[in-house]
Number of protein chains: 2
Amino acid sequence: MDDPLARYPGYSLRRAANATGAQLSVRLADLGLRQADASVLLILENSPDITASALGRRLDIQRANMVPLLKRMEEGGLIQRRAIDGKSQGLALTAKGRKARNAAQECIEGFENELLARVPAQHRAHLLPALNALWHDDGAS
Amino acid sequence: MDDPLARYPGYSLRRAANATGAQLSVRLADLGLRQADASVLLILENSPDITASALGRRLDIQRANMVPLLKRMEEGGLIQRRAIDGKSQGLALTAKGRKARNAAQECIEGFENELLARVPAQHRAHLLPALNALWHDDGAS
DNA sequence: CGATATTGTTATATGCAACAACAATCGCTA
DNA sequence: TAGCGATTGTTGTTGCATATAACAATATCG
């Protein structure tokens with residue numbers, strides 16, 4: 001093989017993210033969800049009445065791109081909007097959304113475990129902290 | 001913050017890949033290159049007369065999607081095609097392509113070093129092998 | 001030879017993200 | 001309190017990456 005690209009962490013990062021992301025997408029599709037949907041569901045549980053803009057900032061999605069996402073989830077009966085003031089609206093899970101959230105969490109945690117199982121034991125504990133260092137407080141750099 | 005998503009390696013993987021990929025894209029754009037272009041240039045150096053299909057398999061890009069990629073690079077004078085037989089054509093760097101390859105490699109290696117510098121020292125050496133385990137021989141799973 | 005696989009290509013669809021603009025509204029301050 | 005700057009939700013548009021289906025030409029192998 002002798003792949004010169006496999007020596008670059010950045011390239012491996014991209015390939016690994018593409019490969020694993022595609023696999024997760026297949027499983028989430030069985031629940032009728034996309035990755036972004038699942039992220040929203042998980043965040044929403046612990047952030048009652050969060051705003052679409054704030055949610056976008058948390059997930060690093062521009063608020064313009066939140067519109068179709070939230071519209072779809074609202075039409076699917078997963079989330080619900082409630083006016084906070086004349087400008088902002090708070091988001092919340094519906095009962096159906098809570099069920100979807102539980103299914104999504106179970107799906108994701110199972111997948112994450114399989115993911116970690118693929119990593120040789122001596123590297124396993126280092127993966128998450130190393131990855132987090134690459135993007136956490138990235139706006140500060 | 002208490003972000004429940006940051007506990008999932010898969011999610012951190014996606015975020016890290018997006019963040020770092022965007023940064024690399026900015027730098028490569030200064031050279032008039034995209035990430036896929038740079039990958040092609042680096043592979044081509046050590047794989048004389050590789051086929052478009054084989055190159056696509058190496059980079060995990062469908063051969064249908066190689067067409068516009070290679071067309072653009074050929075029109076940019078970076079690569080050159082040569083008939084191997086009536087069906088296949090071998091790819092090679094032009095002189096201009098070799099210069100672009102050197103610039104791309106310098107750019108990427110500098111970037112990779114900065115990337116690793118962000119990772120705490122005790123995790124640094126584990127990043128690449130852990131990532132490679134996530135996608136290497138992924139078709140076999 | 002003849003069936004089968006491969007190659008390069010066209011066309012098309014989808015998901016995701018970026019950018020610019022805009023009206024409405026909020027919050028602070030002079 | 002009147003006004004100005006910042007924020008919110010939204011629309012529209014663009015570009016990039018990727019996936020699928022189809023097709024003609026050609027290679028490979030039984």
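**Figure 1. Cysteines in the two chains.** Cys107(B) counts as buried, because its relative accessibility is 17% and buried means under 20% relative accessible area, exposed over 50% and partly exposed in between (1.4 Å probe, protein chains only). Cys107(A) is buried too, with a relative accessible area of 17%. How many disulfides does the structure hold over all chains? The count is 0, where a disulfide is a pair of cysteine sulfur atoms within 2.5 Å.

**A note before the next views.** What you see is a predicted model, in which local features need pLDDT of at least 70 and side-chain atom pairs count only at pLDDT 80 or more, while totals for chains, interfaces and linings use all residues. Residues are numbered from 1 along each chain as its sequence is written, chains are lettered from A and ligands numbered from 1 in the order in which they are written, and side-chain values use heavy atoms, with hydrogens and water left out.

**Figure 2. Chain A as a whole.** Chain A has 6 helices and 3 strands; helices (H or I, at least four residues) and strands (E, at least two) are DSSP runs, numbered from the N terminus. The C-alpha trace of chain A spans about 60 × 35 × 25 Å along its principal axes. Of its 141 residues, 44% count as buried. Among the contacts in chain A with a separation of 6 or more, 48% come from residues 24 or more positions apart; contact means heavy atoms within 4.5 Å.

**Figure 3. Helices H2 and H4 of chain A.** Here helix H2 (residues 35-46) of chain A packs with helix H4 (residues 63-75) of chain A at an angle of about 75 degrees, and their axes are 11 Å apart. The axes are lines fitted to C-alpha atoms, for helices over the stretch in contact, and angles run from 0 to 180 degrees between N-to-C directions. H2(A) is therefore roughly perpendicular to H4(A), since angles of 65 to 115 degrees count as roughly perpendicular, under 35 as roughly parallel, over 145 as roughly antiparallel and the rest as oblique. On the H2(A) side, look for Ala36(A), Asp37(A), Val40(A) and Leu41(A); on the H4(A) side, for Leu69(A), Leu70(A), Arg72(A) and Met73(A).

**Figure 4. Leu55 in the core.** The largest nonpolar core has 78 residues, and those with the most contacts inside it are Leu55(A) and Leu55(B). A nonpolar core is a set of buried Ala, Val, Leu, Ile, Met, Phe, Trp, Tyr and Cys residues joined through side-chain atoms within 4.5 Å. Which residues does Leu55(A) touch, not counting those up to four places away in sequence? They are Val40(A), Ile43(A), Leu44(A), Ile50(A), Met66(A), Leu70(A) and Leu91(A).

**Figure 5. Two loop residues with a positive phi.** Most residues other than glycine have a negative phi. Asp49(A) is not a glycine, yet its phi is positive, about 60 degrees. Asp49(A) sits in the loop between H2 and strand S1 (50-51) of chain A and is partly exposed at 28% relative accessibility. Asp60(A) also has a positive phi of about 60 degrees without being a glycine. You will find Asp60(A) in the loop between helix H3 (52-59) and H4 of chain A, where it is exposed, with a relative accessible area of 58%.

**Figure 6. Asp3 of chain A.** Asp3(A) lies in the segment before helix H1 (9-30) of chain A. Is Asp3(A) buried or exposed? At 18% relative accessibility, Asp3(A) counts as buried. Asp3(A) touches Ile43(B) and Arg58(B), leaving aside residues up to four places away in sequence.
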